[in-house]
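Hello,

Here is the structure I said I would pass on. My notes on it follow below.

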Amino acid sequence: MYLGVSVLVFGRGVLGAPANTVVGDAGADKTIFMWAFTWFPHAIASGVDPLYTHLIWAPHGTDLSWVTAVPGAALLAWPVTAAFGPVVAYNVLILVAPAASACTAFLLVRWITGSYWASLVAGYLFGFSTFHIVHTISHLHMTLTFLIPVCVLLVLKRFAGELRGARFVLALAGALVGQFLFSLELFVLLVLVGAAAGLVAWAVLRGDAAARLRETAVGAALALGLALLVVSPYIAHALFVATTAAQPARSPFKEAADVLNFVVPTRRTWLRPPGTEQLVERFTATGAERGAYLGVPLLAIVALLFLRRTAGRTVLLYVTALVAVASLGPRIRVAGYETIPGPWTIPAHLPVLDGVKPVRLTLFVGLGAAIACGIWLADRPRAWARWLLAGAAVLALLPNPAHDLWTAKVPRSTFFSTGRWEQYVHRDEIALVLPVGPAGWSLLWQAENGLAPRLVGGHIGRRTTLREERWRDVYKALGGYPAPPLPAKRLRGFLIAHEVTTVIVAPGTRLRARRLIETLDILPVKSGDALVYRVARPRR
């Protein structure tokens with residue numbers, strides 16, 4: 001049922017042409033994942049380091065440990081990628097992701113309550129929460145969250161005595177490793193929220209429950225240690241090979257939830273109060289990060305559960321409230337206006353955490369609210385007023401069904417899709433393909449052509465790599481962004497330093513970038529829908 005909802009809302013526009021249309025917007029962020037779907041199987045099969053590539057950001061390449069390259073998802077999608085290509089694989093995963101998260105949340109709440117129907121509602125509220133809805137447009141790594149309810153369920157089973165010893169440690173470690181390989185950022189947040197939940201439980205629980213909590217905490221710590229040991233090569237890459245300086249530059253001050261976003265939806269939600277568009281535009285978080293919305297009905301349910309709380313429910317509600325406040329970031333904002341300092345002030349200045357977006361903590365707020373709703377419904381399963389309020393909570397979170405919000409055409413160049421490029425560029429040569437970086441889809445074009453040719457630049461979450469910082473002005477100019485005029489001598493020096501033999505100007509290249517390439521005074525060759533500039537003698 002959950003998968004049917006996902007396909008009906010997000011996927012109906014791609015069913016007819018899953019290789020030529022994509023779920024979400026036309027932004028290039030999703031090409032990072034499509035490229036990764038091809039790169040990781042290639043690296044593993046070739047026996048090369050999967051966390052370092054020379055195929056993008058040529059000639060010296062780049063470390064992938066801080067890139068949202070989703071190695072876990074790449075391995076999961078490997079059969080689909082091999083059979084149908086990276087675009088189809090992406091569409092399959094982005095449609096399955098919310099349904100999978102809804103299913104595991106259903107299992108969690110059903111274990112807690114024993115109620116099928118209450119769990120069905122709770123599963124929907126988590127899997128199709130606003131957080132998942134807004135990230136479906138382009139951020140696959142933020143939708144692969146189905147292991148998070150699994151981690152919670154395993155911990156609760158250990159606390160209840162249903163799962164003990166090595167079975168618990170191995171199961172939780174496996175789930176943590178999987179989440180790490182799906183999203184390093186969500187893994188970090190999961191550990192932080194788990195630690196906070198443990199502290200709250202320690203403050204609330206007494207007697208036998210406190211003793212069981214200590215045993216559970218020890219087992220969870222062992223599981224975390226084992227998980228970190230398994231992924232230690234990745235961590236070594238991130239901390240010692242690439243170093244934390246290679247983290248994507250993110251602002252924890254800007255990318256934080258606004259207090260009003262919990263009750264005011266964005267255009268991705270179907271039912272919106274009139275006149276809220278201008279209010280939403282004052283939220284400092286960017287469009288894909290405005291996922292805090294819970295709606296008044298769901299907030300009312302959480303408040304009603306608080307009136308009839310037990311020790312366990314108190315832990316749930318306190319943790320949910322604590323995480324909600326933390327998601328507001330270092331400066332608490334109301335309608336975009338700063339008010340008082342927030343709890344993320346210290347983490348915002350710490351290594352690793354300074355690259356985490358506090359607004360993404362709203363994922364865990366949504367999970368807490370969904371669990372609370374399931375418990376509240378299960379308390380009195382025949383109380384129709386409760387079901388009506390829960391139905392209103394579901395209606396408030398329904399995604400906007402507008403077709404253009406969830407479907408985009410894959411922008412391909414016939415120069416690459418028909419294989420024309422092989423007449424001009426050898427597979428091992430380095431080419432500058434425009435549009436470059438986040439302005440275009442060159443990563444997908446390379447992935448669909450056997451990871452060739454090697455590319456200058458690439459869209460990996462940073463405008464430039466650390467080694468490319470001295471060429472930032474060139475990359476900005478090539479992206480077609482407003483910038484001071486770039487001397488032709490500077491551009492030629494850039495091409496020589498990067499061993500570029502060919503410049504390919506494909507459709508979608510901005511006028512500024514086209515005019516910049518024309519300053520090379522090289523006569524281009526028209527081939528398919530691209531202009532080909534031969535700037536150096538090919539090396540065979």
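In helix H6, the buried residues are Ala118, Ser119, Leu120, Val121, Ala122, Gly123, Tyr124, Leu125, Phe126 and Gly127. That makes ten of the twelve residues in H6, so the helix is mostly covered by the cut-off of under 20% relative accessible area. Please keep in mind that this is a predicted model. H6 runs over residues 116–127 and spans 16 Å from its first C-alpha to its last, close to the 16 Å expected. At its start, a side-chain oxygen of Ser115 comes to within 3.2 Å of the backbone nitrogen of Ala118.

Strand S5, residues 337–341, is hardly covered: the count of buried residues among its five is zero. S5 pairs with strand S4 (residues 331–334) in the antiparallel sense, over three bridges. In one of these pairings, Arg333 has Glu338 in S5 as its bridge partner. The two strands form a hairpin with two residues between them, and Ala335 in the turn has a positive phi of about 55°.

The search for cavities of 30 Å³ or more found three in the whole structure. Helices H9 (165–182) and H10 (184–204) each supply at least two of the lining residues. By class, this lining has 14 nonpolar, six polar and two charged residues.

The second largest cavity holds about 40 Å³. Among the residues that line it are Asp258, Asn261, Phe283, Arg290 and Val359. Its lining has five nonpolar, two polar and three charged residues.

Regards

How values were computed: Residues are numbered from 1 along each chain as its sequence is written. This is a predicted model: local features need pLDDT of at least 70, side-chain atom pairs count only at pLDDT 80 or more; totals for chains, interfaces and linings use all residues. Side-chain values use heavy atoms; hydrogens and water are left out. Buried means under 20% relative accessible area, exposed over 50%, partly exposed in between (1.4 Å probe, protein chains only). Helices (H or I, at least four residues) and strands (E, at least two) are DSSP runs, numbered from the N terminus. Two strands pair if DSSP finds at least two bridges between them. The expected span of a helix is 1.5 Å times one less than its number of residues. A polar contact is a pair of N or O atoms within 3.5 Å; within protein, one must be able to donate a hydrogen and the other to accept it, and residues adjacent in sequence count only if both atoms are side-chain atoms. On a 1 Å grid over the protein atoms alone, a cavity is a set of points where a 1.4 Å probe fits but cannot get out, and a pocket is an open set with protein on both sides within 12 Å along at least five of seven lines; lining residues have an atom within 4 Å of a point. Grid points are joined across faces, edges and corners, and a volume is the space filled by probe spheres set on the points. Ala, Val, Leu, Ile, Met, Phe, Trp, Tyr, Cys and Pro count as nonpolar, Asp, Glu, Lys and Arg as charged, and the others, Gly among them, as polar.
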